[in-house]
Structures are given as structure tokens and as C-alpha cells.
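Student: I should like to understand the terms used for this structure. Could we take them one by one and set each against its definition?

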Amino acid sequence: MWATQTIAEFLGEYCSAYFPKSLGPNFQYAVAAIIHAVLLVHVFAVCPGVFIWLERKVSGRIQDRLGPTRTGGLFGWLQSLADGIKLVQKEDLCPPAADSLLFRSAPYFVCVASFAAFMVLPFSAGWVAVAADCGLFIILAVLSLEVFGIIMAGYSSGSKWSLFGGMREAAQMVSYEIPLAICALVPVIAAGSLNLGEIGGMQRGGIQNWFLFHNPFAFIAFFVYFVVATASCKRAPFDLAEAESELVGGFHTEYSGIRWSFFFMGEYASMFAVCCIASVLFLGGWNTGIPPLDDALYAARNASASGEGSAIVGYLANVLGAFVFATKASLGVFVQIWLRWTLPRLRIDQVMTTCLKYLVPISCFLFLGATLWPLLLATAAQRSTWTPDPLGNRTAAEIRESQVSATPTSPAQASVAPAAKATIQ
Amino acid sequence: MNEPLIDGPSILFLIFAAITCLSAVAVVVSQTVVRMAFWLVLSLGSAAALFFLADADFVGAAQLLIYVGGTLVLLVFGVMLTASGPYLKIATSPGETILGAAVALLFMFVVFSAVSGVEWPTDNLTRSVAFNPAGNTLRPLGLSLLGTRPDQDLPDSDQLSPGYLLPFEIVSVHLLVVLIGAAYLARAKRRSAI
């Protein structure tokens, strides 16, 4: 049971006995899709809770306070839940000057955009809801939709604060998307793939195989990416457009209650999402970085996938991978929180200058350097990477083989595939 | 095993096609520009979903990135920066409505007759699955932008087909010229203002 690679396969193999045959693969895929969606909604809902609590504790420590201590035992770990319950109970206000349809639907846009990013994120080898071939492109496209919700919130509130906040926020996010995408392309050049599962799999076998250390340009690109990602999640020191801890509150000035909290759920979820992307692209994804352990986990996964080894060991290897992945991403979020409570805020013109005059040229230079790096190595040292074992240890083809069974194919494809094989023969 | 009357992808197709069409109608009917943008987001977003449904991940993501994330944001920006009142409204006179409806119906008739007049090949899906197994949708596209079409080269020709290299290059150079031109125009204006 543990050996099945996808939930749809699991349903097909073990539950088909209990359901009438006429429901067939459609029913199977529908149930699998619902299970994926429910799991992801929980990731999406729990992460902000944990990170808001972490934000309070870390900011407390940095400011020589204790942070929440009372709600839920010693460390106040139920604080976020208590806040959530309070926010649900608040009145759902809509100002008379606002365009109520747009005003009410804007928070959902923000939430849906950052939630949809989790669809294509691989949490461990093969643990991905949609193993899309252009996963990174889809993530960047979906995260760029968040801006629209913010503009709508700012415009439809019918308030000057919201309008200015929304315009600044939108200008900031749209500008920072450019260096974000260019920096994300630097490891893609090294990997030769936009499939996040493949990119993660290629970094197996030691810390030197992480794309962070693939070339000097990727090393710098990681830090540029992190700065840009912090800014595109509108986190301090780039949060002048809202400045929720001191000033009026930017685009969400007029919001209250649960709709207000949706913006924050979206913000913390997209913080986690960009840190997950950083973890897959630069920090080895679910790989531990310890060569013997990585190889053992890889062997266990493959053995259970091919049905030779113990299936539950392969499953546990994936659980460990997901744990490693979540740890890396959470460390990224921790650094973002740490930065927020350490650095002073930039003025809005400084925010824009930093992006357009510095980060965009820097990331273009890194992109160019990363494309030239393989040529340089090939001419100067006659090799493809600086590490002892070249890309042969982690070719795209090998990883694709191991992922083929994990890729959910649509029922239409599944039914057509035998026919296609027949025509080839 | 008897075939079900309607399968899963078809249900999803009907849902998303309905959302696309209904919100497209809502774009025309609504009066406020930003509301139009909102309905257009729904319409274009469901069109992207239709692309995803047809296993065209790249086109779907490009649809989201360019139309929803780019063009519509630009549209709302334009409204926010230029509107004199709080909510910019566009009122259509009855004559314009009739004229627009006539043009739209005529266009729909042309498209419909063109689409229904073509004998569509039924083995498209078979061919695409044969060359892109297991959701491998991006690599053939990238290869054809680099100038080879593996799906056309492989079967019975000994010659490489050109792919989309030339159009790709032309579009790239065109976009570069437009970018430089836009930057130049923006810069010149600011200098004269100072």
C-alpha cells in the first residue's frame, strides 16, 4: 500500500473492490484530486498560523520581550488560533463608498493566488499535486496574480489611503517580479529543466551538488533571489506601502475581520512558497546534503517504487525528504522574520530604485554569467562542472524515469496511451 | 466495460467553458471599467484552465502571466492613474449596443462556419501522447523554438524541419526594439520637463 506512487493509483488498486466498476478512472481521479486539494489547503492554512506565532516570538526575542506566553501553554503556541477565532467573530464591514463586489472578492484573489502556488511544489521526491513539466513557470505566473487582488482591494475600498497603498504595493510587486524571475532562471540554466521535481532530484549527493554552489553566479543569485522574494512578499524592509505595524495600513486600510486576515494568510503563505522555491532551486530541495544518507534514501525510494525493497522504507524516506524540505523553507521564513525586525524600512523611492537600478541589472548580469559559465569551464578545464562528479550522477533522463509513474496523467491520456503504443508498433 | 455518458475532463471543460463565456458576457454588460477587468480576469483565468485541461501547461501559464498578471494589471493601473472620479464608468448608448451586437453576431457566424467547415483530425491526442509521454509538454516546445521539430522529424523524413526559430527571433528583436523605444521615449519626456 505504501509503494503506490500517487493517490490515484492507490485508489485504483486498493479501493476499486469497494466501488462499482462503472465509476472507473474518472471517479478515481476526482477523489485523488479532492485528497490533494484538502492536503494542500491544510498546508496553506497551517503555515500562516505557525509563522505568525513564530513572527511574534522572534520579534519578542529581538525586542527583549517574551512574546505570547499565555494562550496554549508555555510558549503561547495557540496564539494564532485564538487570533483567528477572534477575527472570525468580528463584523464583516464593507464601507459605503466601496464597490462591494470587488471589495469582497479581493481577499480571495490574494489567497487563491498564493494557494495555487502550492499545487506544483514538490514537497519530496514525487510528492507533488501536479507534476507539471513547466512547474517553475506556472508558480511564477500564479504568484504574479496576487498583485491583481491587491490592486482591486486598493481601488475598490473607496479610500485615499487604500488607493495610494494599493498603487505603491502594485508598483513594487510588479517591478520585483522581473528580477525574481531572472534569478530563478539561473539554476534553471544549470538544470536544463523547468520541472521542479527534476530540479530537486538533480541536486542529490552532497552539498556541493546543490545549485547554490553550482557556479559563482548561482551563489550570488541565491542572495539576490532572497532579497527580491522578501520584497515581492511585501515584507520589511520593503513594506512601506503598508507598514502595518506603524502607519495606516496601505491597501487593506478598510478591511476588518476575516477578510483582513485573508491578506495575511496570503502573505505568510507566499513567504513560505517563495522560500520553498528557493529551497528547490538553490538548496537541494528534499536532499539532505550528506552523500551517504542521500544515496541511501534515493536507493530506498527507487527500490520501493520498483517493488523490490520494503515499501514502507521508501515511504519513510519520502517523509524524511518532506521534513528536510520543510525545514529548509522554514529557515528561509525565519530569516525573513529576522530581517524584518532588524532592518529599518526603506522609503518607497528607495524601494523602487533598489529594484530597477540595482537588482534588475545585477540579475541580468548573473543570468548572462550563468549562461557563459559552462562554456568557460568547457574551454578552460574541459569539464562540465567544477565538482568531482559531473552532471552524469544526476542527469535529467534518470530522474525523469523515476518520476514517470509519479506523474498523474489525465484519464483521457491513460485511455489513449495503449492505442498510441499500438500505432507505434 | 460500458463507456460513461460523459467523462471527467468533459465535465471540467463544460464548467470552465461556461465560466469563460458567462464572464465574457459580464465584461460587456458591466459599466464600471474595473469591474470589467474583474470579469475579464475570470474569463481569461478559465481560458487558462482550459489550456491546462488540454495538457498545454506552457500556454496556460503564459496566459495567466501575460494577460491576467500583465495586461489587466496595466489596464487597472491606467484607470487608477487617469480617472477623475472614484469609479470610472462607461455608458453605452442603445445604438452602440445594437451595432456591437450585430458585429459580434456576424463575427460569431464567421468563426462558427469556419470551425464547423473544417474536417478536424481525430488522432491529435494520440500523436501528442506518442511524442510527449507522461506530461512531458515543455521539451518539444523548447526544441521547436530552437529550430527542430521532433514530432515532425522522426517518422519518415530525413530532413530537419525548421521549427519556430525564425518567428521566435523576429518577435524577440521586435520586442527588444519596442522596449528600447519605450525607455527612450520615457526618458526624453522627463528631461524636457526638467
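Tutor: Let us begin with exposure: a residue is buried if 20 or more other C-beta atoms lie within 10 Å of its own, and exposed if 12 or fewer do. Please keep in mind that this is a predicted model.

Student: Why is A:Asp64 called exposed?

Tutor: A:Asp64 has 6 other C-beta atoms within 10 Å. The cut-off for an exposed residue is 12 or fewer, so A:Asp64 is exposed. A:Asp64 lies in the loop between α2 (24-62) and α3 (79-89) of chain A.

Student: What makes the phi of A:Asp64 worth a remark?

Tutor: Its phi is near 60 degrees, a positive value in a residue other than glycine. Most residues other than glycine have a negative phi. A:Lys234 also has a positive phi, near 50 degrees.

Student: Is A:Lys234 buried or exposed, and how do you know?

Tutor: A:Lys234 has 27 C-beta neighbours inside 10 Å. Burial requires 20 or more, so A:Lys234 counts as buried. This residue is placed in the loop between α9 and α10 of chain A.

Student: What makes helix α5 of chain A largely enclosed?

Tutor: Nine of the nine residues of α5(A), residues 135-143, are buried, so the rest of the structure largely encloses this helix. Among them are A:Gly135, A:Phe137, A:Ile139 and A:Leu143.

Student: Which elements cover the buried residues of α5(A)?

Tutor: The cover includes α4 (100-116), α6 (146-156), α7, α8 (196-202) and α10 (257-281) of chain A, together with α3 of chain B.

Student: Why are α6(A) and α7(A) called roughly antiparallel?

Tutor: Two packed helices are described by the angle between their axes and the distance between the axes. For α6(A) and α7(A) the angle is about 165 degrees and the axes are 7 Å apart. Angles over 145 degrees count as roughly antiparallel, and therefore these two helices are roughly antiparallel to each other. The crossing of α6(A) past α7(A) is left-handed. The residues that meet include A:Val147, A:Ile150 and A:Tyr155 in α6(A), and A:Leu163, A:Met167 and A:Val174 in α7(A). The residues of this contact divide into 10 nonpolar, four polar and one charged.

Student: How do α7(A) and α3 of chain B pack, and which residues make the contact?

Tutor: Helix α7 (residues 160-191) of chain A and helix α3 (residues 57-82) of chain B pack at an angle of about 145 degrees, with their axes 12 Å apart. The contact is formed by A:Leu163, A:Met167, A:Ala170 and A:Val174 from α7(A), and by B:Val73, B:Phe77 and B:Met80 from α3(B). By class, these residues are seven nonpolar, no polar and no charged. The crossing of α7(A) past α3(B) is left-handed.

Student: Why are α2(B) and α3(B) called roughly antiparallel?

Tutor: Their axes come within 8 Å and cross at roughly 175 degrees. The cut-off is over 145 degrees, and therefore α2(B) and α3(B) are roughly antiparallel to each other. The residues that meet include B:Leu40 and B:Phe51 in α2(B), and B:Leu64 and B:Val76 in α3(B). By class, the contact has 18 nonpolar, three polar and one charged residues.

Student: How do you know that B:Phe38 is buried?

Tutor: B:Phe38, found in helix α2 of chain B, has 26 C-beta neighbours inside 10 Å. The cut-off is 20 or more, so B:Phe38 counts as buried. Leaving aside neighbours within four places in sequence, B:Phe38 is in contact with A:Leu102 and A:Met152.

Student: How many helices and strands does chain B have, and what part of the chain is buried?

Tutor: Chain B has eight helices and zero strands. Buried residues make up 16% of its 194 residues.

Student: Where in chain A is the confidence lowest, and where highest?

Tutor: Confidence is lowest in helix α15 (residues 411-424), at a mean pLDDT of 37, and highest in helix α9 (residues 216-232), at 93. Over residues 392-425 of chain A, pLDDT stays under 50. Where pLDDT is low, the predicted coordinates should not be read in detail. For chain A, the mean pLDDT is 81, and 84% of its residues reach 70 or more.

Technical notes: Residues are numbered from 1 along each chain as its sequence is written. Chains are lettered from A and ligands numbered from 1 in the order in which they are written. This is a predicted model: local features need pLDDT of at least 70, side-chain atom pairs count only at pLDDT 80 or more; totals for chains, interfaces and linings use all residues. Axes are lines fitted to C-alpha atoms, for helices over the stretch in contact, and angles run from 0 to 180 degrees between N-to-C directions. Helices (H or I, at least four residues) and strands (E, at least two) are DSSP runs, numbered from the N terminus. A crossing is left-handed if the near helix is turned anticlockwise from the far one by less than a right angle, and right-handed if clockwise. Two residues are in contact if their C-beta atoms, placed from the backbone, lie within 7 Å. Ala, Val, Leu, Ile, Met, Phe, Trp, Tyr, Cys and Pro count as nonpolar, Asp, Glu, Lys and Arg as charged, and the others, Gly among them, as polar. pLDDT is the predictor's confidence in each residue, from 0 to 100. Angles under 35 degrees count as roughly parallel, over 145 as roughly antiparallel, 65 to 115 as roughly perpendicular and the rest as oblique.
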